Amino acid sequence: MSTFSRQDQLPNFPVPSLVETLEKYIDSASALLTADEKKRVEKEAHEFQHSELGAQLQQALENRSKNHKNWLEDWWYNVYTEIRDPLAPYVSFGALNTVYNCVDGGQISRAADVLHHWLSVWDKIRHGKWPVTSSRGVTWDMDQFHHLFSSNRTPQKPRDTMDRYFKTKEEGDTPNHVIICCNGCFWKLNILNEDDDSIKTPDELYNMLKFVKDNSSDESSGCVSKLTSTHRDVWTANRDELLRVSGSNMKHLKDVETSILFMSLVPKNAGNDHQKLMTNALQDESWFVWQDKSVSITVYEDAQVMVQGDHSNIDAIVLLQVGDYAASRVRKQLWHPAKTGSDAHFEFPERLVFELNEALRHAISQADVDFYKSKQLYRALPVHFYGYGNDLCRTAKVYSDTVVQLALQLAFLKTHGWLDLLTISDETFAPIYETASTRKYFHGRTETVRGCTQQFVRFAKAFTEEKKTEKEDLKKLFDSAINAHNQLMADCMDGRGFDRHLLGLKQTLTIMNKGCGPKRAIPAFLTDDTWKRTGGDGNFLLSTSFIGYMENEQPGAMGYVAAMRPDGNILWALDALSPFLTPAQKL
């Protein structure tokens, strides 16, 4: 079974019924609202449900689904590409892998290994030999693996474009080069051997990378990649200026934007401090990453490795799956190829030199200033919990992820809502986002799981009351909260969430209002102040996702995106639930 052989067999992305979506929204919002607000939202939602506009929008969306296997796909990419903020820290995700160890003098050997194993995945996908992902016996869409390599988010106004250049062997020729940035110098490396169409070995890549490092003086102060870190409209203008200055810039930009991936060899140590590593995974130095690329890998002097990706094009689970594959195969000790120096025969890399004028030099300097300002806007703190883990959850027959989701919300309540235990109000609970994958459908990506359910609120209030609830009664409430979250996750993965459906209805209304007919007002419940307070339009105080673990249950990748709101946060309190996890626990 080839990588993309099941694509045509995947079901179309469904359109939920209007009644189901609105009832689910009302139920979800009610967990965070006062009694009067609940009545108002319910009235507004039901008015829309029974209105002519509601019927028209639903019918239009169902008609669209007849002509598109995934009616959401284009709109979802537009949601990302219309964002004008810098990709890092606002859109991109950064990650490290705990498998990587520091190796003195190991930068080149580590980079060669990492590059070879990432390229082996590229080669497997190119030949259709990368295994098809499945979950609990259900085949998942593999389109994001087709998008992973040789993709670029190209800055444009008013919306960026997603440009994808990868092709399988059946589809035709595909870019077969990577870009290496060393000390701010750009190099193009061809990674295929022409005689047998095989990827270059780690030894061959070592000698190529060694040549790059030996021939790269420090040009980081004027490195063009800094321009990609700016506001998208600013980068659009500067990219146009780069193209205007010289024809060679056009060729070099094409080489970067079509490349399989972008890798930096940087002149600093990263160390083993996970907090520092996590912070730097998203933003370290301003020239380390070409922000538009779906895959950017940074290799430090001490052989530590970071990976960053553009979230617009792919979901984190895809990037991290490939990252874990490479990390598990990389050698952990210093090594050298059998032949080096004058004994080594290798294909020489091509140097790419951008021509800059005074305006571009000034733009690069300003990009530096803005980058380091934005780096102060967030903190990243990894927390390691050793009290218990997945084994106990399996024994208790509960999903680890569900337990963590409840724990995160309890932590928020303990931190922000325990000012007066006798007067806990709905305002002490947080709208929380968790990702559900919809890849069981054609070109599916994600749906929002709004995990602050009414069942969780009842459990949390009982758990935090000064007057203690009987343990058996508390356990029933805990079971109910667990079950509610699991059902919500199942519905969302089944294409029966409500956030993407509501987005589709809003997009349909926007299109309808561009016509010659009378302009229709946005439904009242979507403009009510409760919409954003309960998480609407991405206003989630807690943004969480489970990114998995490696096959041998090593910790593997740790990654994150920045909070959805300036005051967003994630807190960890897994030990709060330990008294309720017993082998008798049932879903």
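**Questions on the predicted model**

Modeller: Let us begin with Gln-507, whose place is in helix α18, residues 499-513; please bear in mind throughout that this is a predicted model.

Colleague: What is the corresponding C-alpha distance for Asn-249 and Ala-521?

Modeller: Asn-249 lies in helix α10, which covers residues 247-258, and Ala-521 is 272 residues away from Asn-249 in sequence. In space, C-alpha to C-alpha, the two are separated by 47 Å.

Colleague: Is Asn-249 buried or exposed, and which residues does Asn-249 touch when those up to four places away in sequence are not counted?

Modeller: The relative accessible area of Asn-249 is 0%, and because the limit for buried is under 20%, Asn-249 is buried. With residues up to four places away in sequence left out, the ones that Asn-249 touches are Leu-242, Val-353, Phe-354 and Glu-355.

Colleague: Turning to the strands, in which sense do β10 and β11 run?

Modeller: Strand β10 takes in residues 262-265, and strand β11 takes in residues 296-299. Met-263 stands opposite Ile-297 in β11, and with four bridges joining the two strands, the sense in which they run is parallel.

Colleague: What handedness does the β-α-β unit of β10, α11 and β11 have?

Modeller: The helix of this unit, α11, covers residues 274-282, and the strands of the unit, β10 and β11, are joined by four bridges. The β-α-β unit that these elements make is right-handed.

Colleague: Which residues of β11 point the other way from Ser-296 and Thr-298?

Modeller: Ser-296 and Thr-298 point one way from strand β11, and the residues on either side of that division are all buried. The ones that point the other way are Ile-297 and Val-299.

Colleague: Which residue in β12 is the bridge partner of Val-299?

Modeller: Strand β12, residues 305-309, pairs with β11 in the antiparallel sense over four bridges. The two strands form a hairpin with five residues between them, and Ala-303 in the turn has a positive phi of about 75°. Within this pairing, the bridge partner of Val-299 is Val-305.

Colleague: With which residues is His-311 in contact, leaving aside neighbours within four places in sequence?

Modeller: His-311 sits in the loop between β12 and α12, and its neighbours within four places in sequence are left aside here. The contacts are then with Tyr-80, Val-91, Ser-92, Phe-93, Ala-316, Arg-445 and Val-561.

Colleague: What is the omega of the cis peptide bond that joins Ala-88 and Pro-89?

Modeller: Pro-89 lies in helix α5, residues 87-90. The peptide bond that joins Ala-88 and Pro-89 is cis, and its omega is about 15°.

Colleague: What is the omega of the cis peptide bond between Lys-157 and Pro-158?

Modeller: Pro-158 lies in the loop between β4, 151-154, and β5, 161-164. The bond joining Lys-157 and Pro-158 is a cis peptide bond, with an omega of about 0°.

Colleague: What phi does Asn-183 have?

Modeller: Asn-183 is found in the loop between β6, 177-182, and β7, 185-190, and Asn-183 is buried, with a relative accessible area of 16%. Although Asn-183 is not a glycine, its phi is positive, at about 60°.

Methods
Residues numbered from 1 in each chain as written. Predicted model: local features only at pLDDT ≥ 70, side-chain atom pairs only at ≥ 80, totals over all residues. Heavy atoms only, no water. Buried < 20%, exposed > 50% of the residue type's maximum accessible area, 1.4 Å probe, protein only. Pairing = 2+ DSSP bridges. Right-handed = clockwise from strand over helix to strand, strands pointing away. Contact = heavy atoms within 4.5 Å.
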